[in-house]
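Student: Could we go through the aromatic rings together?
Tutor: Gladly, let us take a look.

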Amino acid sequence: MSGPHKRPWNVIGKPSRRVDGRAKVRGETKFADDLYVPRMLWMKLLRSPHAHARIKRISKLEAEEVSGVKLVLTGEDMPIPFGILPVSQDEHALCLDRVRFVGDPLAAVVATDEWAAEEGVNALEVEYEPLTTIASPEEALATPEPRIHEYGDEGNVHKKVAFEFGDAEGSLASSERVFEDFFYYAGNTHLPIEEHATLAAVDPDGKLVVWSSTQTPHYLHRALAKVLGIPAHLIRVVATPNGGGFGGKSDPFNHEIACAKAALVLGRPVKICLTREEVFCVKKDGTIEGMTLETLLDGGAYWSYGVASTFYTGALQTVTYHIPRYGFRGCRAFTNKPPCGPKRGHGTPQPRFALEVQLDKIACELAIDPAELRLKQLAPSNSVTANWLRIGTMNLRQCIEKVVEGSSWKDRRAKLGPGRGLGLACSSYLCGAGLPIYWNDMPQTGVQLRLDRSGEVTAFCGATEIGQGSDHVLAACVAEILGLEPFDVRVVTGDTSLTPVDLGSYSSRVTLMMGNAAIQAAERARFLIADAASEKLGVPQDKLVFAGKRVFLAENPEKGLDWVAALVLAEAKHGTLGTVGSYKPPASPGHYKGAGVGPSAAYSYSAAVVEVSVDPANGWYRCEKIWIAHDIGVSINPVLARGQVEG
Amino acid sequence: MKNVHVALTLNGERVEVAFDPAKTLLEVLREDLGLTGTKHGCELGECGACAVLVDGVPVLSCLVLGVECEDREITSVEGLARGPELHPLQTAFADLGAAQCGYCTPGILCTAKALLDEKPQASRGEIAEALAGNICRCTGYLQIFEAVEEAAKRLREGSVRS
């Protein structure tokens, strides 16, 4: 498609207020729990007090008699299993016969208000038979029986993976020095300030609508269709803006499915908002010649994203430094704890931490400056790693140089006296996983544009605003191409009935994928408008500039049309105006089993120097100052980019 | 339990509301008065998301009973703007990236307003101390502190804009 006249960017890279900023500071952003509708009922879940137990009996009678209680659901009401990965459909909306962690839900009570629902939950009588509890991955390996699940690779091992690229073991044997270390990374939780909340209702047409604080409305949509046994096109999922996600809202959840089921059974809207205590229950985490890495993951009680998490602990270790030979063995064990899924860099920060600490130990042992040790063996730009990941641009060198300079590293390192020092570490992450969670050949994201004679442009995309600024990115990309301002573009996002599919706000994928789809859709719209405008103005399309809400001649800016006039011409010539764009990441060069985890269209890089002081009397440490440099490519809006880096 | 009937001043307007006496101010605001700008993050008094001003003083509305608010003056985030015109704190928060997901924002705005009402020249240390009870998981706080400083400056200069 012949584009119009090239010009500098007007929107991209300029600091500005985000398009949804005004609503947020006025308290007018509607989060899921802010939705109140007439005749709305409330749901509460009964959660297991045991880490591992058989459910011998649940008596619903007492609960059903509580004043205000309308419905009690148990596992048998929703017996079809679900899970985020196609290979791991091992969760039930409510447990069927066994609970596997403290907090595993086994019944739901719906009532006219929250207190009656709570009272109903308290009235449920359950007889449990406690089973052996497994509390750590080491214990899981040593305790093959009883099995937490009747499947998995063996005993209480969920998944074992192993790769060797080149002769990694051999390279260790022939290296002058071999360094071996053991690292432990404590579990932690995402802790978004907004607790998970869901409102489900049957719309006037008899179709199910579910509003939820989810990062992945598309995957929730699929899970609802499966468990409820309803065709997906009769279900609408609306992802409300998330009050923080960080990976903790990226699975389809028990409460979402149970809430939808209750709305269908009762024909009334049903809402559930988890308490802070429940949110804690829901999810938590887990010159080089060659390198081998072994990871042991505390998987918790269900598969969740576990297979992918296990691969991810090994996949991205090769994109920062040149590692010619690489071996990896990963193992995820089942334990009686909340299932572990992705959090802020899915399975990557933990092994990265180990690699970076080990590099420091090597530097110390060999008396080399840790910054120099890293700089001399960076993975090159435009290269393919030992495990077949294609690296495009790679500017970790500039990142390291920046933080080394900013912190006066060379003058101050190891010279700050006892109890005070500087440390350096580097990292990298995906710009979206190369493959979708369920394998298919369709785009990972789509954008539709609607334009009309009023001058209005509406951009539709299934992406979910979780605070990161995706609504703004969508508006900014469209505005840039069409010569508008972001506030001139209305965005409609995260709605499975109104917007094209986007796989969700996870794996740092939205800006790259949705952004490219938005650009494509906007370029197609620009073509239609330029076509009509060039005819009117009697000039070739490639002489036209779209800027400042006008379409004009590059060499004679006076000659042109205002935006509305241009749209009127375009609508007259082409009929109702609408365009689409979509994006699918390039294919990966890797073709081994497991090669699907790790490829990405681009990798971002970062380096940080931290100044830390330690009180020798009690070991308390204090982070005095941090210098960080990121290679993020082009920043769409520096205000938002800074927020992402600092946050 | 039988409802109680309470009259109070909410964002400058006299309102009367009937509610279950066990309800917190947070619940009364959100459920009975329809103002959902005030958020609940923990309902344990830990996170600050539910902060509102009672007679100009920041309180955690999840720890105050509605019945305690008879004849008190309540300011929630909805009371900061003057019609379409944003309060300088709101303008600065929107412009400087101090609101990311926006869930902690209403509580922080109310708390910051009380601080600036009392100390128009608040230092970075005083701002950090005043907001120490408000947890934000997105920003890392720096843009929040800078926005409060910017708002303080604009307030001292007497400028407002939307």
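**Rings and their surroundings**

Tutor: Phe145(B) has a relative accessible area of 13% and is buried. This is a predicted model, where local features need pLDDT of at least 70, side-chain atom pairs count only at pLDDT 80 or more, and totals for chains, interfaces and linings use all residues. Residues are numbered from 1 along each chain as its sequence is written, chains are lettered from A and ligands numbered from 1 in the order in which they are written, and side-chain values use heavy atoms, without hydrogens and water.

Student: Why is Phe145(B) called buried?

Tutor: Buried means under 20% relative accessible area, exposed over 50%, and partly exposed in between (1.4 Å probe, protein chains only). Phe145(B) has 13%, so the word buried applies.

Student: What makes Tyr141(B) partly exposed?

Tutor: Its relative accessibility is 27%, so Tyr141(B) falls in the partly exposed range.

Student: Why is the pair of Tyr141(B) and Phe145(B) called stacked?

Tutor: Rings of Phe, Tyr and Trp (its six-membered ring) pair if their centres lie within 6.5 Å; planes under 30 degrees apart are stacked, over 60 edge-to-face, and the rest tilted. Here the centres are 6.2 Å apart and the planes at 20 degrees, so the pair is stacked.

Student: How many aromatic pairs are there over all chains?

Tutor: The count comes to 15. Among them, Tyr151(A) and Trp303(A) are 5.4 Å centre to centre with 55 degrees between the planes, so this pair is tilted.

Student: Is Trp303(A) buried or exposed?

Tutor: Trp303(A) has 12% relative accessibility, so the residue counts as buried.
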